[in-house]
Structure formats: structure tokens, C-alpha cells
Amino acid sequence: MPDKHDPDFRVLFESAPGLYLVLATDFMIVAASDPYLRATMTKREEILGRKIFDVFPDNPDDPGATGVANLRASLERVLEHGHPDAMAVQKYGIRRSESEGGGFEERHWSPANSPVFGRDGQIAYIIHRVEDVTEFVRVKQEGSEHHRLAGELRTQAERMEAEIYRRAQEIQEANRKLREFQAELEQRVQARTTDLQRTNEELQREMSERQRTEEALRRSEEQLRHAQKMEAVGTLAGGVAHDFNNLLTAIMGYAQLMTMRLKPDDPALRDTEEILKAATRASVLTRQLLAFSRREVLQPRVLNLNAIVADMGKMLRHVIGESIDLVVVPGEGLGSIKADPGHLEQVLMNLSVNARDAMPEGGRLTIETSNVELGEVYVGEHVGVEPGAYVLLTVSDNGTGIDEETKARIFEPFFTTKGVDKGTGLGLSTVYGIVQQWGGAIQVYSEVGWGTAFKVYLPRAADLADPGVRVQNPTEVPSGSETILLAEDQDAVAA
């Protein structure tokens, strides 16, 4: 009587990782491993005690099906010669259950059959072991557009698949020679099986690498499209802002002339002043558009970002309100940058106001600075960024967060999620244009319900290449009796 501590060999076999069947000499199924049942979409209680060809017949709709005939021939060779028999890759359909639509699902298998001898020296059972190679066959048959985009990977995959089929044919040839070299066959089968497993593992690694390459290519294409879109929008916005600014110049000029000509008690004076106020507000919008399109005249200086943040700290605390904690974490040994201080203040103000609006119930606003080095890996994943030394400004909050759809358009001018009369949609687009104008980059990271972080990368002054910006250098105006010619293509502005 077996000891209760003895292992349950039936349970061990059924949970074995491979795809196994145990067949009686009349080809009746007496045991099956769990992976085999999953691969063939069958249940143990439905197949035990039945003959294998009754459970797995050929697909009657496939006139070229040879799975049953080939498998029967292999099993009979095992019974006749008492040696293992490995088969070439076989197309052998698996019947679906009625709940899954019925019919047959095409599969490809790499089978091997081995005898199990009883104590009397006679064959008692046959171990039927298979490997499901359907995916490899489908990759070969179907191909894809990805193979064209990744030619080197495709060539390697096709070469490995050809090797699998070549070795399968060698196994088939070894089976033919079995009747002459029975003692040698067992060693060859084991060697070929090891090669096949190694090849399968290598192919899986190659497929994983191809997926990573395709994902990186997809991210690069998305970033390039976004950069091109923002460039096009910037060109359009700059042109509109330039023309609109000329119109405002004329409006404000004529309004100022009217103000000087009207008497203080003239009723039209108040209307003229309102025209000036409206035109002044409109000019603020044009300056924001010019900043976004990188057409604004700049006055760069070598600055320390920590000093800018410290100077604006008191103002920001008034802007964000008492319900929000402001935490400033200045970086030690922070490098200098070359920028317009007014621009940096505008960047800080716009990002802080957006953070405030994302925390209506209060929260924490954190402003951090640090030195960073951007390498080739980061540059390869972010279009428009050059490798080198940068100063990083991070403005983060623990507010409502931003969803993916909004994040894709967040830097577009006039795009806003705020209500009517609560936002122009130019705040973040202005930030984007300023950062781009100084040769930097801005990235946003956010998760709905957890908060948002804007990371602004500005080149350090020592490593700053000439950004090609227009610098306005004030000079002393000489005096004299010369005539000055003013050229202007807008009559209203020239007047």
C-alpha cells in the first residue's frame, strides 16, 4: 500500500510543463498533461478512454489534410521497432467546441512519439509529445508591413524560420534511416530537439526586440508629427500676430492723436480712452502670439534661475492663494542660462497659474531647479532636443491631472479647457514658444487624479549654441541734421 507521503505521479504528469499524451498500444488515450488540454481546447474527462483519432480527426473540409495518416504511421513505427519516432512539422487542425463556433482551427505541430516498456519487455504505452509551432508558421505565411520597415529583423527571422524547416526535414530523413540505423536515431532526435528549442528561444528574443524597435519608431513618428504641427501653427500665429499688431499700432496711434485734440470735457474723450484700453489689451495677446511663434525681439542676459524663482516667490504666493502651499527647492551649484528675465518670469507665472487652477480645493505647488545632462537616449526619444548640459525647471502640483487627449493639444494656441471668459488658451502656448526660442524643450507628465509636472529644459550658458535670435542692443542715438527715411508696407502704420 503506497505511503501517504509518496508523490502522486499522476498529478505530477498532468501538471508537467510540456504537451504530453499517454496512449495505450491500441492508441487509446490514458493520460494527458494540462498544457496539452489547453493547447488542444479539450477537457480531460472528454478525451480519456477514447482513441486519439476519434478525438482528433482530420478536417473534413481540407482535402489535403494528412495529419491522421502521418501520425498513425509514426505510432505504428514505434510499435514495430520499439524506438522513438520524431515527425516533421505537421498541419493538424483542432476542432473547436460548439460554444466557440465549431469548425476546425488550423494548427501546426512538431510531434515526437516514444515507447514505454513494461516489466515483460513489451511496449506498454506510447508517450506522444508535441510542440505548437503555429505562430512560427503564421509569421512565415502572413508577413507584414513591419518586415519592410525593419528589414534586418525580417531577414534574421526568415533565416531562422528556414533553419527550423531545414532541420525538420533532416529529422524526417533520419526517420527514413531509422530502419537501418535504429541505435543512432535516438541520439540524433535528442540533438535535433535541443537545436529546435534553442532556435525557438532565439526567435522569441528576436521578436521581442522587433516589438521594442517598432514601439520606439512609433513614438518618434508621433513626436515628429507633433513638432511639425506646432511649427506650422507657430508660423500661422506669427503671421496673424504681425498683421494684427500693425492694425493695432494704427488704431492706438490715431486714438492717441484724438485724445490730444479733444478737450477734457468733450464726451468723445471717454470713448477714445476706451478704444486705447481695448487696443492695449489686444496688444498683449499679439505679444503672446509672437512669443509662441518665436518672432518676438529678445534682450538676453546671463541669469541664475534660482534668483528668478526667489524674486518671484512672494508674488506667486499672492497669486496662488492661501489654500495652496508653495514649496521651492533650489538646486545647488545651479548653472547659468542665457535668457530674457521677463520671459522666465512669464514662464513661471503661467505654469503656476495653471497649477493653481488644477487645485480648486487647495494642494501643494512645488518649484524645483537642478542641473541635468541630456544624453543620446533621451534625445532619441524627444524630437527637437540636442544633447548637452541643461538647467531643469520643474513645476509640479498634486491637482486633478490631465488626460491623454488634452495633453496632446496642451501647447496649441487658443486651446483651453477653462470656461468662457476664464482663459484665452495662450498661457501654455506662450510658455512653449519662449522655451523653444531659447533652444530649450518642455515636457509634461501627468496622471488624472494624481497631479501634473511640467519640466522645462534650458541650455546652460557655457554650452549654449547661438539660437539665431534677434537681439535688440540699445545704442546712443546720434544727433545731426540728416533726413530719416521710414519704410513701412502698411499705410496706416506709416502715417
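**Figure 1. Helices and strands of the chain.** The chain holds 16 helices and 15 strands; helices (H or I, at least four residues) and strands (E, at least two) are DSSP runs, numbered from the N terminus. The model is predicted: local features need pLDDT of at least 70, side-chain atom pairs count only at pLDDT 80 or more, and totals for chains, interfaces and linings use all residues. Residues are numbered from 1 along each chain as its sequence is written, and side-chain values use heavy atoms, with hydrogens and water left out. Of the 495 residues in the chain, 40% are buried (buried means under 20% relative accessible area, exposed over 50%, partly exposed in between, with a 1.4 Å probe and protein chains only). Among contacts (heavy atoms within 4.5 Å) between residues at least 6 apart in sequence, 66% join residues at least 24 apart.

**Figure 2. The crossing of helices H11 and H12.** Helix H11 spans residues 305-320 and helix H12 residues 341-357; their axes come within 10 Å and cross at roughly 40°. Axes are lines fitted to C-alpha atoms, for helices over the stretch in contact, and angles run from 0 to 180 degrees between N-to-C directions. H11 is therefore oblique to H12, since angles under 35 degrees count as roughly parallel, over 145 as roughly antiparallel, 65 to 115 as roughly perpendicular and the rest as oblique. From H11, the contact includes Leu305, Ile308 and Met312, and from H12 it includes Pro341, Leu344 and Arg356. The residues of this contact comprise 13 nonpolar, one polar and two charged (Ala, Val, Leu, Ile, Met, Phe, Trp, Tyr, Cys and Pro count as nonpolar, Asp, Glu, Lys and Arg as charged, and the others, Gly among them, as polar).

**Figure 3. Val329 in strand S10.** Val329 belongs to strand S10, which covers residues 324-329. With a relative accessible area of 36%, Val329 is partly exposed. Although Glu368 lies 39 residues away along the chain, its C-alpha atom and that of Val329 are separated by 4.6 Å. When residues up to four places away in sequence are not counted, Val329 touches Thr366, Ile367, Glu368 and Thr369.

**Figure 4. Arg364 in strand S12.** Arg364 is part of strand S12, residues 363-374. Its relative accessibility of 43% makes Arg364 partly exposed. Apart from neighbours within four places in sequence, the contacts of Arg364 include Ile324, Asp325, Val327 and Met359. Ser396, Asp397 and Asn398 are also in contact with Arg364.
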